[in-house]
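Me: Hi, could you help me read this structure? I'm new to this, so please go slowly.

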Amino acid sequence: MSLPILEVENVTKRFGNFVALNQVSVAFQPGKLTAIIGPNGAGKSTFFNVVSGLFAPTEGRIRFQGRDITGLAQHEFARIGIAKSFQITNVFKQLSAHENVRVAAQMRASRFALLRPRDSMKALIEQADALLERVGLAALRNKTAADLAHGQQRALEIAMALASDPLLLLMDEPTAGMSPEETVVMMRLIVELSQERTLVLVEHKMKLVMGLCERLIVLHHGEFLAEGTPDEIRNNSDVRRVYLGEG
Amino acid sequence: MGEITPSLLMLQLMTGIGLGAVYALLALGLSLIFGMLNVVNFAHGAFFMVGAFMGVYFLALTGNFWFSLVLTPLAVGAIGLLAERFLVRPLYGRGIDYPLLLTFGLSYVMVEAIRIIFGIEGVSTSTPAELRGAVNLGFGHFPLYRLFLIGATAVVVLGLWLFIEKTRYGLIIRAGSRDPEIVRVLGIDIARVWLLVFGIGTAIAGLSGVLAAPTRAVNPEMGISVLAESFVVTVVGGMGSLPGAVVAGLLVGIVYSMTSLFMPELAELSIFVLMAVVLLIRPQGLFGKAGQMG
Amino acid sequence: MNQAMTLANSFNWIVRHRVGAVLFCLILFPLLMPYEALAINILIFGLYAVGFNLLFGYTGMLSFGHAAFLGVGSYLCGIAIVSGGWPWWAAIVAGVAAASLVGLVIGYLAIRTRGIYFSMVTLALGQIVYYVFYKAESWTGGENGLRGIRVEAINLLGWQLDFLNPITKYYLILVFVAAALWFVSRVLNSPFGAVIEAIRENEQRTAACGFDVARAKLLVFVLSAAVCGLAGALRALHLSIVPIDSLHYLQSGQAVMMCLLGGMGTFFGPFVGAALFLYLEDVSTAVTTHWMALVGVVFMVFVLFFPKGVWGSVLHWLARKAATEKP
């Protein structure tokens with residue numbers, strides 16, 4: 001087995017007296033489409049926020065390609081190759097779709113150039129347009145992000161996350177609030193992306209993840225419960241008890 | 001400079017506590033308004049100043065210091081209620097800076113209004129007759145009025161604590177500052193709560209003004225530097241923290257007073273340096289929540 | 001419909017050549033003003049507001065301590081001339097450099113805080129500078145301010161220019177203002193300019209995209225301080241004195257007001273705001289002593305009903321007209 005792309009080692013996260021995550025240890029394999037699942041309150045969001053760099057764990061370590069990245073600042077995560085899309089759409093509402101992606105893409109190109117006119121950075125503009133094309137938003141290039149439909153905003157998020165050419169893409173409930181048609185489009189995109197990068201999803205729509213993912217990790221009450229292929233998880237007695245028994 | 005004896009130190013400490021009491025009240029009002037409404041009241045110094053003027057006015061009107069002590073916060077609080085209802089409230093949805101900007105503009109109007117009513121020179125004040133003289137504290141004689149000031153502040157702080165911790169309304173205020181949505185869902189008119197909190201916060205500022213009036217020059221500009229000083233206290237104590245406001249208020253008063261004794265040139269500067277140090281080591285303030293502010 | 005389209009086109013042309021457009025207005029400006037001293041004041045305070053706008057309008061950080069940079073720029077320029085005997089142009093450099101340094105220190109401390117807390121902290125930190133300069137009487141003249149900054153003749157490439165002539169003074173100062181405006185425009189148009197606007201829109205998102213938000217904020221803070229420092233240095237040369245109140249937070253509040261009245265986050269807005277504010281002050285102080293109340297009321301009215309400011313509202317209206325009348 002190859003080196004895990006992301007390793008979470010005995011991670012605990014406390015908010016005051018509340019223990020959101022308790023001694024969770026998980027390894028993500030490169031190239032595999034993995035999903036974190038669990039009933040409400042399982043700690044999925046906290047787990048997502050810890051591995052995506054929003055806050056540091058109270059205890060434990062996180063390793064990316066073998067390198068210890070515990071406590072690294074949020075902006076460093078994107079630089080080292082971990083990108084994310086948020087559960088509640090988080091784009092630059094007053095900028096156009098194109099400008100949103102261009103800002104995200106700028107990180108790779110040049111960050112603090114003070115005197116160069118933006119419009120002269122042709123490669124950057126082309127890259128942004130290519131990304132929009134990829135997620136199907138090319139026609140809405142100049143539309144203000146706030147005016148986009150919900151599903152389109154989610155797609156924009158993905159384009160922005162891809163702009164930094166990440167090795168690992170974390171997605172928090174990517175189909176949240178989407179219509180069935182939009183969900184199908186998003187699922188197709190996820191499958192496509194999983195061929196070229198490692199994707200980790202946080203989801204609670206069971207049907208989606210069962211058909212889609214190669215590997216599932218189940219959390220419960222902030223603790224690791226089980227992991228395996230969809231079939232293994234479907235037949236796992238602990239998982240069945242938690243999902244079906246306790247209701 | 002003369003000899004620095006332990007009794008002199010103790011007396012200076014008491015003076016610092018007296019000064020700190022005023023700061024504590026000011027910071028309490030600021031933190032209360034901020035904690036609940038997420039608004040920094042840039043007119044807070046102006047409310048303090050109006051309180052001082054009203055105190056003098058009511059004293060002249062009724063001849064009774066105690067009447068003025070009660071009437072002034074009510075009057076100032078009433079102005080605060082009007083300001084919140086008609087000037088600040090329309091701005092809540094807009095963006096965090098707008099209420100702040102509005103209160104800044106309001107402070108200009110309040111200062112000028114006082115100038116128009118009372119003149120630009122200010123008014124003279126004196127210690128109320130019942131509270132003149134000094135008390136022997138063992139290590140020296142300390143002005144009775146300042147002792148009263150400290151005592152009155154303690155009573156107000158205790159009263160406020162009881163109100164916030166022990167009453168239903170206080171519970172709503174505590175809940176509302178943490179999660180306004182929940183309070184709304186529970187069917188409570190959050191707008192009424194905001195109104196009340198702003199009124200209480202400004203009333204306390206007015207009270208600190210009437211209490212402080214006999215100890216300093218009362219002129220329309222007195223609130224201008226006081227605003228900066230109350231910001232120092234809230235940064236040191238932690239924005240939105242009521243215990244922080246009290247502790248930091250006393251600390252700042254003591255720092256100012258002790259520095260006046262040893263290095264009078266640097267007294268004003270010393271409290272700002274204290275704030276800068278706190279910003280460096282603990283940006284959220286002594287009692288503030290980490291990550292909220294810094 | 002054609003009328004609206006050419007309106008939109010010429011409008012776009014002006015936006016793209018905004019520095020030139022603004023300079024065009026400023027070059028003609030003295031002809032419109034009742035007297036030159038007012039025009040010069042508007043020029044200087046317009047630049048002050050432009051510097052402040054960089055931080056507030058474009059990056060979204062409301063500082064109440066910018067008087068520190070205006071004042072330090074003035075004082076260091078003045079001190080260089082009065083105590084150091086420096087030539088006027090070196091004194092200007094000294095003012096700008098000193099203001100940038102103070103900006104670096106204050107920025108470093110203030111950026112540790114966020115949102116409205118930031119406004120409080122910058123006000124208090126600015127007051128430190130005020131008290132320091134107040135107390136350092138031997139250097140600064142303390143309460144009475146710095147006096148005797150005499151610059152009478154300016155030698156430019158062999159030409160002897162009479163600095164005391166208001167028109168000459170205006171156009172000389174305009175040269176510096178023009179350079180600063182060009183610089184600010186370039187910065188806003190650069191990739192860095194995109195980052196600071198992104199920070200204003202959504203700080204969390206900007207960090208998630210990989211930008212070091214704290215460092216970007218500090219850089220724009222220092223740039224803002226430098227521009228305000230230049231305004232301060234020019235003011236010292238203009239007035240020949242530096243009043244101590246230049247450093248007080250009420251002077252910071254003036255920048256805030258001018259920016260909002262004119263239009264935050266727009267290029268020309270700060271100048272419009274400065275012109276409006278100073279003209280209003282000029283006119284009202286002639287008839288009443290209660291100027292402060294008028295300012296307060298006007299400001300509150302704008303905060304409540306016209307938050308885009310005069311120029312911002314004009315731009316907004318033009319943009320809407322151009323959009324709705326496209327074929």
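This is a predicted model: local features need pLDDT of at least 70, side-chain atom pairs count only at pLDDT 80 or more; totals for chains, interfaces and linings use all residues.

Me: ok, which chains share the most contacts?

Reply: Two pairs of chains are in contact, and of these it is chains B and C that share the most contacts.

Me: and how far apart are the nearest C-alpha atoms of chain A and chain B?

Reply: Their nearest C-alpha atoms are 10 Å apart, and chain A and chain B do not touch.

Me: what about A with C, how many residues does each give to the contact?

Reply: Chain A puts 27 residues into that contact, while chain C puts in 21 residues. On the chain A side, the helices α2 (74–80) and α3 (97–109) each supply at least two residues, and the residues of that side divide into 14 nonpolar, seven polar and six charged.

Me: switching to chain B, how is it divided?

Reply: Chain B has domain 1, covering 25–220, and domain 2, covering 222–294, and the C-alpha centres of these two domains of chain B lie 19 Å apart. Where they meet, 20 residues of domain 1 of chain B are in contact with 17 residues of domain 2 of chain B.

Me: which helix gives the largest share of the domain 1 side?

Reply: That is α1(B), from which eight residues of the side of domain 1 touching domain 2 come. As for the kinds of residue on that side of domain 1 of chain B, there are 14 nonpolar, five polar and one charged.

Me: which residues have the most contacts inside the largest nonpolar core?

Reply: They are Ala159(A), Val232(B), Val252(B), Leu43(C) and Ala124(C), in a core that has 288 residues.

Me: why does it lie between the two domains of chain B?

Reply: Domain 1 (25–220) and domain 2 (222–294) of chain B both give residues to this core, so it lies between them.

Me: take Ala124(C) then, what is it in contact with?

Reply: Leaving aside neighbours within four places in sequence, Ala124(C) is in contact with Ala228(B), Phe231(B), Val232(B), Val235(B), Phe272(B) and Met275(B).

Me: last one, is helix α5(A) mostly covered or mostly uncovered?

Reply: Helix α5(A) is mostly covered, with 10 of its 13 residues buried, and among those buried residues are Arg154(A), Glu157(A) and Ala159(A). This helix of chain A, residues 150–162, reaches 19 Å from its first C-alpha to its last, which is close to the 18 Å expected at 1.5 Å a residue.

Conventions:
Residues are numbered from 1 along each chain as its sequence is written. Chains are lettered from A and ligands numbered from 1 in the order in which they are written. Domain bounds come from an automatic or database domain assignment. Two residues are in contact if their C-beta atoms, placed from the backbone, lie within 7 Å. Helices (H or I, at least four residues) and strands (E, at least two) are DSSP runs, numbered from the N terminus. Ala, Val, Leu, Ile, Met, Phe, Trp, Tyr, Cys and Pro count as nonpolar, Asp, Glu, Lys and Arg as charged, and the others, Gly among them, as polar. The expected span of a helix is 1.5 Å times one less than its number of residues. A residue is buried if 20 or more other C-beta atoms lie within 10 Å of its own, exposed if 12 or fewer, and partly exposed in between; C-beta atoms are placed from the backbone. A nonpolar core is a set of buried Ala, Val, Leu, Ile, Met, Phe, Trp, Tyr and Cys residues joined through C-beta atoms within 7 Å.
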